[in-house]
Amino acid sequence: MAKTLWDCNSVQAKKTLRVLRKKALLLPGVSSTQDTNYRLHDLLHDLARNLLQPELGLSIIEAHQQLLERYQTKTDKGLWHSLPDDGYIYSHLTWHLEKAKRINEIHQLLKEETPAGDNGWYWKCERQGNTANFIKDVSRAWAIAAAKFKENPTESISLQCRYALITTSLNSLASNIPPELMAALLKNKIWTPAQALAYVRQNKEYSSQVQGLEAISEYLPASLLPEALDCAREISHKRYRARALVALAPHLPNLLPEALDCARGISDEYSRADALGALAPHLPNVLPEALDCATGISNEIYRANALGALAPHLSDVLLAKALDCATGISNEIYRARALGALAPHLPDVLPQALDCARGISDEYHRADALVALAPHLSEVLLPQALDCARGISDERYRADALLALAHHLPELLPQALDCATEISYERYRADALVDLARHLPEELLPQALDCATEISDEYHRARALVALAPHLPELLPQALDCATGIKSEYFRARALVALAPYLSDVLLAQALDCATEISDEKYRADALTALAPHLPDVLPQALDCARGIKSEYFRALALTALAPHLPDVLLPQALDCATEISYERYRADALTALAPHLPNVLPEALDCARGIDHEYHRADALTALAPHFPDVLPEALDCARGIDHEYHRADALTALAPHLPNVLPEALDCVRGIDHESDRANALLALAPHLTDVLLPQALDCLRGIDHESDRANALGALARHLPEELLPQALDCAREISYERYRARALFVLALHLPDVLPEALDCATGISDESDRALALLALAPHLTDVLLTQALDCARGISDERYQARALVALVPHLPDVLPEALDSARGISDQDSRARALVALVPHLPEVLPEALDCARGISNQLFRTYALKDLIKTLTPSSVDFPLWQQILDGLASLTRRNFFEALPQLAPLIIKFGGIEALRETVAAVEDVSRWWK
């Protein structure tokens, strides 16, 4: 930089810098790199500014311009991204351009392209590991554009939209990079710390930001820690902000009090205890408070978990207090869990924890407690734990306990294996062997293999052998021999399939021989089909085996399964094999399955389908082919009519009904004859949209015969919208006969849309629903149809809902019909602690309370979960009209939408178009469309 500023060579510049440094006129600079750099002393800086005009005859603006002109001579064709980096200019170029009043060049800089069509400035910043600089420049350019609104509205709005599009493109990039990858890129020095931090900051998901900071914090130099701290402080969600501050605390100890304040402010008791526990290693004096918080948790499972998290950091005095808390947990399972967590830090407590575990009556949880204690038990206590495990009567749970203990009892593995072999029920013995296999030393594997081969049930023997195979590669031949010796061809085939991924080429050939010797054609086909992906070189042989299957059904299945794996050279052979199948149905199945790989086969498949004698199968085949050949529908109808079985005929006719309305009476008759109620109800649901007024009474009679109330309510809902007025009373009687309040309310609501007199009854039914979520949903559905009198009753019902989220939902639904409720609904919405639910409630109120729009926008922007934030912002902008938005609010809206991914921003653009036109005119909209094309090209 000095070389360019002073217009001299490198040697002269370095010499001058050293002289100034020796005279204390320059101070050492702060940098994230190892390069030597300096910063100007404030006194010297002020002196230089004062001497510009009298000594050099330059104004401040002219000085900036002169520096830029010197730099521009070093560019290629005036493109700033071609400028060599000197460690200074890339970070300060837009600042100098702004001070030089060359504002248009800032915007042009961010439009520059490389010969490859990438964004030039981003490409150069990214290559230098300085993505943060690009983001900073976009923010600066956006702010400059916004400030110029009154001067040039069209340019201001179009540029703001462009920078929002660039920002959302970077958001999409940032959300696709997992924290583990960022850490690996830093560790291997592929990325710079500044680059990683820029991506963390650009990610708008709070949980992802925290994970990113946790992953990269150890790699951040001191110069970047303030920026990381800003990132943490900008997280509005207290729990995540506390986590982020904790992640940075080892590097910035002064942050700990701030993190503590965040943790103390978390309302949820479990989350507060969790945050305090995370702080405990860094703030020992916080531990008493954290423990008090944990002991005050009402939910015993959360209390046990919180005690476990705090235990490693507690002093002896606090451990005694934690022990009292743990022993006071009434639930034996959670008490054992808490004692197990404390035990490693209170060795004297281990016997008590083990006694507690042994006293758990439920054998499953007793086994679970033994598993948790095992890593901490002494050599004296481990045999007692083993005895406890052996004393579990349920073989499955005993096996589970032994398996889990075995991992921590390497010297007792022989005993654990003995216990497993003693399990009488072969399924659980196989389970035990499967889980033990990964822990067994080499010398015990043969014993486990013997145990597996002694299992008489072939399926479980095969399962155990398959599980052991990866751990005894030298015994794979023996395992394969065991598999080939299984009498049941079904289980032999299953064993071969499971072993295949671990077999060598030599053993795969043996497995193939074994598969081809399976006499049952179905199992042979199954084995060959499953082996095929592992045997690319023997696919021709597998295809030959498939062609040799006598059963045409299984041959067709084998061909279908093999088809995706066959190379082009083998597909014609598969086609020949399919056409050789004499039975029309199976030939049609095979040809239809091959069609996606060989489209030219479709006409032949149609001919085969037409030749199928069996009506149901021919109808099925023709219906499957209909999307390719609509002309076959009449032919398929004839086939369907010839089906004797009522269910299959109804099924075929229902599938055809949308294409052939004249078949509806016949299809309804078939449906009425179906004995199984669920099938009958589903068939009615499928037919309902197509039924005529003449057929609807018959359908209603059919529906009334359905006893299952959920099915009846669903079918009533489907039929109600199609029923003529004279049938509605009958439908109402049918709904009233439903005893379960939730289903009756659902049916009455649908009918109330057509029978206003039913509304009081429907409302009474809704208010009687015990589940508050369902009650709120029922009120939401009824609200638009209620009279003034009924609305008052509905309001009382909504006020009686205790859950703040559901109460707000119900109140918001009533607002359009009860304007006086607005203040109450607003208070209810503001009182919702869950940010997502609060934002949704406020967004719903915006059309009725336009003044709430900024508050709803702030709330929506603050939602930590990106998916929920996206939904809230999209819902919000649907309520906007040009008359309701002024320029400051426009800026808030655009800033909020810029926190989304590019795809979601694209989806929101149609709703923004009227606002863009209002503030910038049609030309601003055209420029925004051009910006969409640019960012789509720059960041694919």
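Lys-77 is exposed in this predicted model, with a relative accessible area of 79%. Its place is in the loop between helix H4, residues 60-72, and helix H5, residues 89-99. The backbone deserves attention here: phi of Lys-77 is near 60°, a positive value in a residue other than glycine. As a reminder, most residues other than glycine have a negative phi. Lys-101 also has a positive phi, near 65°. That residue is found in the loop between H5 and helix H6, residues 103-109, and Lys-101 is exposed, at a relative accessible area of 61%.

Let me move on into helix H6, where His-107 is found. Is His-107 buried or exposed? With a relative accessibility of 7%, below the 20% cut-off, His-107 counts as buried. Leaving aside residues up to four places away in sequence, His-107 touches Ala-141, Ile-144, Ala-145, Leu-159 and Tyr-163.

I turn now to the chain as a whole. It has 56 helices and 2 strands. Of its 940 residues, 49% are buried. The chain exposes about 43200 Å², and carbon and sulfur atoms supply 51% of that area. If we take the contacts between residues at least 6 apart in sequence, 58% of them join residues at least 24 apart.

Two packed helices are described by the angle between their axes and the distance between the axes. The axes of helix H29, residues 476-484, and helix H30, residues 489-499, come within 8 Å and cross at roughly 155°. H29 is therefore roughly antiparallel to H30, since the angle is over 145 degrees. On the H29 side, the contact is made by Leu-476, Ala-479, Leu-480, Ala-483 and Thr-484; H30 contributes Arg-492, Ala-495, Leu-496 and Leu-499.

Next, the salt bridges. How many does a search of the whole structure find? The search finds 17, and I shall describe several of them. Lys-148 pairs with Glu-151 in a salt bridge whose closest N and O atoms are 3.5 Å apart. Lys-148 is partly exposed, at 32% relative accessibility, whereas Glu-151 is exposed, at 61%.

In another salt bridge, between Glu-737 and Arg-704, the closest N and O atoms are 3.3 Å apart. Glu-737 lies in the loop between helix H45, residues 728-736, and helix H46, residues 741-752, while Arg-704 lies in helix H43, residues 696-704, so this pair ties together parts that are 33 residues apart in sequence. Both partners count as partly exposed, Glu-737 at 46% relative accessibility and Arg-704 at 32%.

Helix H54 provides a further example. Asp-875 forms a salt bridge with Lys-878, with the closest N and O atoms 3.9 Å apart. The two residues are 3 apart in H54, which means that about one helical turn separates them. Asp-875 is partly exposed, with a relative accessible area of 29%, and Lys-878 is exposed, at 59%. Elsewhere, salt bridges that share partners join Glu-113, Arg-162, Asp-934 and Arg-937 into one network.

I end with H54, which spans residues 866-878 and also holds Phe-868. Phe-868 is partly exposed, with a relative accessible area of 34%. Together with Leu-867 and Tyr-871, Phe-868 forms a nonpolar patch on the surface. The accessible area of these residues together is about 280 Å².

Methods:
Residues numbered from 1 in each chain as written. Predicted model: local features only at pLDDT ≥ 70, side-chain atom pairs only at ≥ 80, totals over all residues. Heavy atoms only, no water. Patch = residues over 30% accessible without salt bridge, like charges linked within 9 Å, V, L, I, M, F, W, Y side chains within 5 Å. Areas by Shrake-Rupley, 256 points an atom, 1.4 Å probe, with all protein chains shown as cover. Salt bridge = Lys/Arg side-chain N within 4 Å of Asp/Glu carboxyl O. Helix = DSSP H or I, 4+ residues; strand = E, 2+ residues; numbered from the N terminus. Buried < 20%, exposed > 50% of the residue type's maximum accessible area, 1.4 Å probe, protein only. Contact = heavy atoms within 4.5 Å. Axes fitted to C-alpha atoms, helices over the stretch in contact; angles between N-to-C directions. Parallel < 35°, antiparallel > 145°, perpendicular 65-115°, else oblique.
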